[in-house]
Amino acid sequence: MKRWFVLILLAVSQFVMVLDSTVMNVSISTVATDLGTDISGMQAAITFYALTMAAFMLTGGKLGDKWGRSRAFRIGSIVYGLGSLTTALSPNLTVLMLGWSLVEGLGAVLVIPAIAALAAINYTGRERIVAFSALGAITGFAAAAGPLIGGLATTYGSWRYVFLGETVVMLIVLIVSGRIKDVEPDPRLRIDLLSVVLSASGMAILVFGLLQSKTWGWIVPLDPPLIGGVPFAPLGVSPTALLILIAIVVLWLFFQRQKQLARSGRKPLLNVSLLRIPALRSGLAMFLAQYFAIAALFFVVPVYLQIILGYDALQTGLKILPLSIGLILFSILGSRLSTVRSARNIGRIGQLTLAVGVLFILVAVQPALSGWLFAVGMFVVGAGFGLLASQLGNVNMSAVGEHDTSEVGGLQGTFQNLGSSFGTAVVGSVFILLLTGGFATAVQASTSIPADVQQQVIAATEKGAPILSQQQAEKALTDAGATADVAADVAQTYADAQVESLRQSLFLVFALTVIGLLLSRGLPASVAAPRDKTAAAP
């Protein structure tokens, strides 16, 4: 038991790092009501939480090299605990985004790379494989258990209790973390500020553009921002496309800067030569694809269950519970299979299983939920997630030597959180765009809705349809002066458009998950030998 103490401590920290984003998802409607915001506001908070971690994860890994991984872990625990406390006490969306999206995120960028690096430092050979399989399983389990924990807390108490609990847990972790073995830090390490700015700004611009696509449109401008009272749409193109282009240029400059630093003998923020290692490149890409799908599901599924079907947070958590069961079982199975099957084989099976699960969920999403098929879909998604989680962390860390583990931990966290922010931003925005367009088309095609009401509804939603329940939509229409029959017809049309848009969004997740199979080509094709990796792969 003593030899696994460090793993238990790291696993508890990993659990907390993953837990609160899933709690926020499952409690999304309650939190929005408590803070006086809407679903779009919560989408922004969830997206920017993942973005903060993605933007500064590489910097967090470098600070671990400079300060020592154990010290970075402890400092990050303090920052994260303060962010959790601020989140628990937040009176509005602004304070929530300060405490959760920013402060907690900055704490996590120190803790997450340190977890991966300290696991590699404290364990070798077969024990390292077990450690990374366990951490992968804990990551998935937290993502799955979070909805149930959040549902119980929100339904019978408050979502704020979860964040108070996280504060206490991180305090305990801080107290007992002195027993973690570490390697010597490099206090002379200089972190290039320009690299930090280019990396963070490039990813921030990219994700902000994706997030705003629901309002601005992707190519054709829908409701662009006003500058000096004039819509900002250069050459008739949506600002979203412009921001994505700018982000690509900024990130290209970041990579050029890293190469320049390496040529001059200075330490880059990212050792770009690591990305030439096939196993690491594939492992990171599959991390991004995996968390894109999971984050997308954990945004749209609670919206469907709570807003469209009227479930409370606990009922939502129970509906997602089969994912947790599948994840636990197949994480264990994946770890055992790693002794007889290659990571490439298990990874491909996991990715395909994840795609099949998403397809089941897509079919189950109806105006009246097909409960058994939805449960099967969630279980299969969990199984695919578990198989992937049991492999990818160890593949990434085993691809490099011990001196690169902190950097790879930062890269792993960057790709994981980029996937999460992309999933929430892209699929959430696509859902709202599809809902706006589909609802307007359905209203125009309706023969039971008077022409004057059609024009009023289309005009009211042309800048984006709000995410409301059918009952809320009907009440809003009657409050605006519509007759009961007309309000009922429009609200029913809106509810049908919601379900159709949700299914189309889930199909996008399914298609991208299938395409993600192509990313597995570089994963190790042979069964991993139980030995310590002390030199980087060529």
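## Basis of the model

The structure is a predicted model, in which local features need pLDDT of at least 70 and side-chain atom pairs count only at pLDDT 80 or more, while totals for chains, interfaces and linings use all residues. Residues are numbered from 1 along each chain as its sequence is written, and side-chain values use heavy atoms, with hydrogens and water left out.

## Overall form

The protein chain holds 17 helices and two strands. These elements are DSSP runs numbered from the N terminus (helices: H or I, at least four residues; strands: E, at least two). Along the principal axes, the C-alpha atoms fill a box of roughly 75 × 50 × 45 Å.

Of the 538 residues, 57% count as buried; buried means under 20% relative accessible area, exposed means over 50%, and partly exposed lies in between (1.4 Å probe, protein chains only). Contact means heavy atoms within 4.5 Å. Among contacts between residues at least 6 apart in sequence, 83% join residues at least 24 apart.

## Nonpolar cores

In soluble globular proteins, nonpolar side chains tend to be buried together. A nonpolar core is a set of buried Ala, Val, Leu, Ile, Met, Phe, Trp, Tyr and Cys residues joined through side-chain atoms within 4.5 Å. The largest such core has 134 residues, and L10, F73 and L96 have the most contacts inside it. Helix α10 (residues 278-308) gives the most to this core, with 20 residues. Apart from it lies another core, of 16 residues, including I449, L477, V490 and A491.

Which residues does L10 contact, leaving aside its neighbours within four places in sequence? They are F73, I115, L118, A119, L135 and I180.

## Cavities

On a 1 Å grid over the protein atoms alone, a cavity is a set of points where a 1.4 Å probe fits but cannot get out; a pocket is an open set with protein on both sides within 12 Å along at least five of seven lines, and lining residues have an atom within 4 Å of a point. Grid points are joined across faces, edges and corners, and a volume is the space filled by probe spheres set on the points. There are three cavities of 30 Å³ or more. The largest cavity contains about 320 Å³ of space. Its lining has 22 residues, of which V18, S21, Y291, N417 and S420 lie nearest the centre. Helix α1 supplies the largest share of this lining, six residues. By class, the lining has 14 nonpolar, eight polar and no charged residues. For these classes, Ala, Val, Leu, Ile, Met, Phe, Trp, Tyr, Cys and Pro count as nonpolar, Asp, Glu, Lys and Arg as charged, and the others, Gly among them, as polar.

The second largest cavity has a volume of about 220 Å³. Among its 17 lining residues, Q14, T139, F287, Q412 and Q416 lie nearest the centre. This lining divides into eight nonpolar, nine polar and no charged residues.

## The second largest pocket

The second largest pocket has a volume of about 430 Å³. It is lined by 18 residues, and V457, A460, A476, L477 and V490 lie nearest its centre. The elements that give two or more residues to this lining are α15 (451-461), α16 (470-479) and α17 (484-515). Helix α15 provides the largest share, five residues. The lining comprises 14 nonpolar, four polar and no charged residues.

## Single residues

L235 is placed in the loop between β2 (230-231) and α9 (239-263). Is this residue buried or exposed? L235 counts as exposed because its relative accessibility is 88%. Its phi is near 60°, a positive value in a residue other than glycine. Most residues other than glycine have a negative phi.

K319, in helix α11 (residues 313-337), counts as partly exposed at 25% relative accessibility. Leaving aside neighbours within four places in sequence, K319 is in contact with L305, Y311, L369, G371, F374 and M378. P524 lies in the segment after α17 and is partly exposed, with a relative accessible area of 32%. Beyond its neighbours within four places in sequence, P524 is in contact with A279, S342, A343, R344 and V395.
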